[in-house]
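Visitor: I have a model open here and would like to talk it through with you. Could we begin with the ligand and then move on to the fold?

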Amino acid sequence: MSIKRNTVTTQIPEPPPEGTSLALDTRLSRHVESVIPKKRQEALKWYGWGYNDSQFYGQQGVICFKGTKYPLGGCELPTFTKWVQTKFDMIVDPTKSYPQLPQSYPKPVQNAPFLNELRGVSQVEHSLEGVDRLVRCHGQTLRDIYSLWHNKFRRIPDLVVWPRCHDEVVQLVRLAHKHNVMLLPYGGGTSVSGAITCPQAEERMICVLDTSQMNRMLWLNRQNLTVCFEAGVVGQDLERVLRELGLTVGHEPDSYEFSTLGGWVATRASGMKKNVYGNIEDLVVRVRMVTPSGTLERECSAPRVSCGPDFNHIILGSEGTLGVITEVVLKVRPLPPVQRYGSLVFPDFEQGIRFMREVALRRCQPASVRLMDNEQFVFGQALKPEKSWLASCVDAVKQRYVTSWKGIDLAHICAATLLFEGDLKDVQRQEALINEIAARYKGFPGGGQNGERGYLFTFVIAYIRDFAMHQGIVAESFETSVPWDRCSMLCRCVKQRVVSECHKHNISHYTISCRVTQTYDAGACIYFYFGFRSLAIADPVGVFEAIEHSAREEILACGGSLSHHHGVGKLRSHWYRNAVTDTGSALYSAAKQHLDPRNIFAVGNLLPSKEQQQVGEQAATATATSTTVTAAQAKL
Ligand SMILES: Cc1cc2nc3c(=O)[nH]c(=O)nc-3n(C[C@H](O)[C@H](O)[C@H](O)COP(=O)(O)OP(=O)(O)OC[C@H]3O[C@@H](n4cnc5c(N)ncnc54)[C@H](O)[C@@H]3O)c2cc1C
């Protein structure tokens with residue numbers, strides 16, 4: 001009976017007898033060998049982004065990239081070096097070294113009864129070791145990384161636990177609730193909102209619940225094209241396992257090498273191929289979340305139900321504040337037979353936006369279409385590795401073709417990268433239509449190679465921030481979504497605001513650029529990169545955050561959203577109440593109060609800690625008053 005309803009399972013199920021043909025194929029249940037070991041620091045940098053062996057570095061004044069995992073590995077980047085010199089008026093200093101792992105760590109706050117019970121009655125693996133706590137004390141915001149490098153964290157987690165399944169999470173949550181220990185669910189640690197950074201004023205023991213050991217594929221149903229994974233599975237592991245079975249979920253956020261399924265659900269993530277597969281909220285069929293008040297989940301895996309509110313949506317975007325997501329049922333699709341890259345060149349960003357708008361209007365988006373402004377286009381070109389003489393000649397001819405024959409000004413030129421997926425006929429039809437629309441806005445094809453490079457560079461670009469900081473440049477991205485009629489104005493106004501804020505802070509060497517990364521019927525997602533030379537600035541992160549704060553005010557004033565996919569975390573909690581209205585914020589707090597009455601989960605995300613505390617106190621007073629009234633009524 002339970003199998004018919006696709007009940008999410010906890011134990012690895014017994015294989016069904018030979019010859020039975022179950023659509024719900026539990027024979028495929030398996031532990032997934034992850035590329036990321038339990039001791040994360042063995043494969044990943046403790047002080048920044050990505051794999052230990054992959055890094056930008058300077059050699060004889062030239063920026064290079066090392067490592068074997070990316071196409072830029074082993075390349076010298078002379079054009080990028082020149083770009084950095086011109087933009088930031090600085091020479092790459094190869095003698096600077098990256099920070100060393102600290103020798104001592106903040107003493108852990110220990111809740112003895114909790115620890116005793118954890119050791120006594122549960123089998124859950126745990127660690128109080130400094131390095132295990134340190135590598136899980138942060139996400140990837142500029143402040144996180146800067147604090148890490150300068151040993152500025154007052155609070156890091158006091159304990160790390162590695163539950164292996166739903167039932168162990170249930171045990172842990174019960175214990176933490178009983179002993180009033182703060183729990184912070186931790187997936188891949190790629191948060192860019194401060195969501196997994198410890199609240200620095202927290203006095204209780206902070207326990208990071210690392211989901212990495214909950215990464216089994218529990219079942220696959222080929223008939224329904226649904227799959228159930230535990231929440232700790234890492235994006236690239238999930239896709240690898242499915243690819244071997246001829247399937248894909250198709251969810252590819254730029255962080256998917258390291259981020260997890262649970263993290264995607266908890267932050268309402270968006271993948272670059274959402275036009276074909278949907279964002280995470282479109283892919284989730286069913287999700288299971290353990291809270292101190294019980295497990296929240298929908299009863300069945302039916303495709304749609306008219307039984308609202310949809311509690312999947314309470315879980316999606318909850319940022320670890322309501323409980324631990326343990327298992328998720330997702331839609332899968334057969335792998336596309338053809339995948340093809342493309343690119344388009346436009347004379348300026350305005351024409352590019354008009355093109356994007358028409359593509360959305362006609363609902364003919366390829367799997368991915370991204371439009372870069374001129375600054376980002378130039379930056380992308382600069383990242384090309386050193387070329388052979390012949391390749392340089394070809395580039396010169398191409399440039400001449402664009403400027404002379406097409407009459408395009410290189411100071412305004414911009415480009416879109418494209419990714420098509422489907423069967424060959426479908427892809428050819430899509431390409432023809434996209435090229436036809438582009439031509440209406442003076443766009444023309446720029447070649448598949450440029451498109452492919454654009455997408456592959458996405459993963460390498462994430463490594464630049466650490467190198468930049470190392471050289472004295474602070475940088476970070478921020479994003480928003482906005483209705484079409486305000487899209488172009490928002491891009492202009494935000495860039496202008498950042499420029500004027502830089503002038504106010506006497507910053508003369510900076511970069512601010514944007515791209516349109518997602519399109520919808522009603523609007524688009526805009527992604528900004530901002531960085532400045534910070535060598536002479538006493539508090540670079542403080543200044544960066546002040547400027548980013550102004551940029552966000554400008555975004556909101558232009559009709560943009562608080563976030564399209566990065567989430568709120570602690571970084572944007574200041575605006576949460578306004579974004580959802582007082583009523584919305586009270587409703588969220590009531591849900592939080594019901595599911596997590598002792599406020600043990602992810603304190604400070606979404607609503608600032610103080611506001612959440614006040615709501616809790618008000619609720620406690622209200623309960624006390626109503627109890628008194630009920631008692632008085634009972635007497636009457
Ligand atoms: C270089 C880079 C590129 C990025 N690109 C994208 C992108 O294209 N699209 C996008 O959407 N985001 C992107 N992000 C942001 C980030 O990767 C996403 O927010 C991602 O979904 C976080 O997943 P994670 O597993 O790393 O979660 P973590 O960073 O570990 O946690 C994030 C939040 O989710 C909560 N959480 C994690 N797991 C669980 C769980 N099992 N149960 C309950 N709560 C949980 C945490 O408590 C925290 O509040 C990017 C970040 C970086 C650094």
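Visitor: How many nonpolar, polar and charged residues does the shell around the ligand have?

Guide: Bearing in mind that this is a predicted model, the shell around the ligand has 15 nonpolar residues, 20 polar ones and two charged ones.

Visitor: And which residues come nearest to the ligand?

Guide: There are 37 residues around the ligand, and those that come nearest are Gly 187, Gly 188, Gly 262, Gly 263 and Gly 320.

Visitor: Which element gives the most to that shell?

Guide: That is α7, which contributes five residues to the shell around the ligand. At least two residues each come from β7 (182–186), α7 (261–267) and β14 (324–331). In terms of domains, at least three shell residues are drawn from domain 1 (24–33 + 215–334), and at least three from domain 2 (112–210).

Visitor: OK, switching to helices: what about α5, how far apart are its end C-alpha atoms?

Guide: The end C-alpha atoms of α5 (residues 166–179) are 20 Å apart, and this agrees with expectation because 14 residues at 1.5 Å a residue should span 20 Å. After the helix comes Asn 180, whose phi is positive, near 55°.

Visitor: Which residues of α5 are buried?

Guide: The buried residues of α5 are His 166, Glu 168, Val 169, Leu 172, Val 173, Leu 175, Ala 176 and His 179. As background for reading that list, an α-helix has 3.6 residues a turn, so residues three or four places apart point the same way.

Visitor: What covers those buried residues of α5?

Guide: The cover includes the helix α2 (112–121) and the strands β6 (159–162), β7, β8 (206–210), β12 (284–291) and β14. Two of these, β7 and β14, also supply residues to the shell around the ligand.

Visitor: New topic, the open sheet of seven strands: what is its order?

Guide: The order is β19-β16-β18-β17-β21-β22-β20, and the pairing is antiparallel. At the edges are β19 (444–445) and β20 (473–483), each of which pairs on one side only.

Visitor: Within that sheet, over how many bridges do β17 and β18 pair?

Guide: Strand β17 (residues 368–372) and strand β18 (residues 414–422) pair over five bridges in the antiparallel sense, and Thr 417 in β18 is the bridge partner of Arg 370.

Visitor: Last one, zooming out: how many helices and strands are in the chain?

Guide: The chain has 20 helices and 22 strands, and buried residues make up 46% of its 636 residues. Among contacts with a separation of 6 or more, 76% are between residues 24 or more positions apart.

Methods: Residues numbered from 1 in each chain as written. Predicted model: local features only at pLDDT ≥ 70, side-chain atom pairs only at ≥ 80, totals over all residues. Near = placed C-beta within 6 Å. Helix = DSSP H or I, 4+ residues; strand = E, 2+ residues; numbered from the N terminus. Nonpolar A, V, L, I, M, F, W, Y, C, P; charged D, E, K, R; others polar. Domains from an automatic or database assignment. Expected span 1.5 Å × (residues − 1). Buried ≥ 20, exposed ≤ 12 C-beta atoms within 10 Å, placed from the backbone. Contact = placed C-beta atoms within 7 Å. Pairing = 2+ DSSP bridges.
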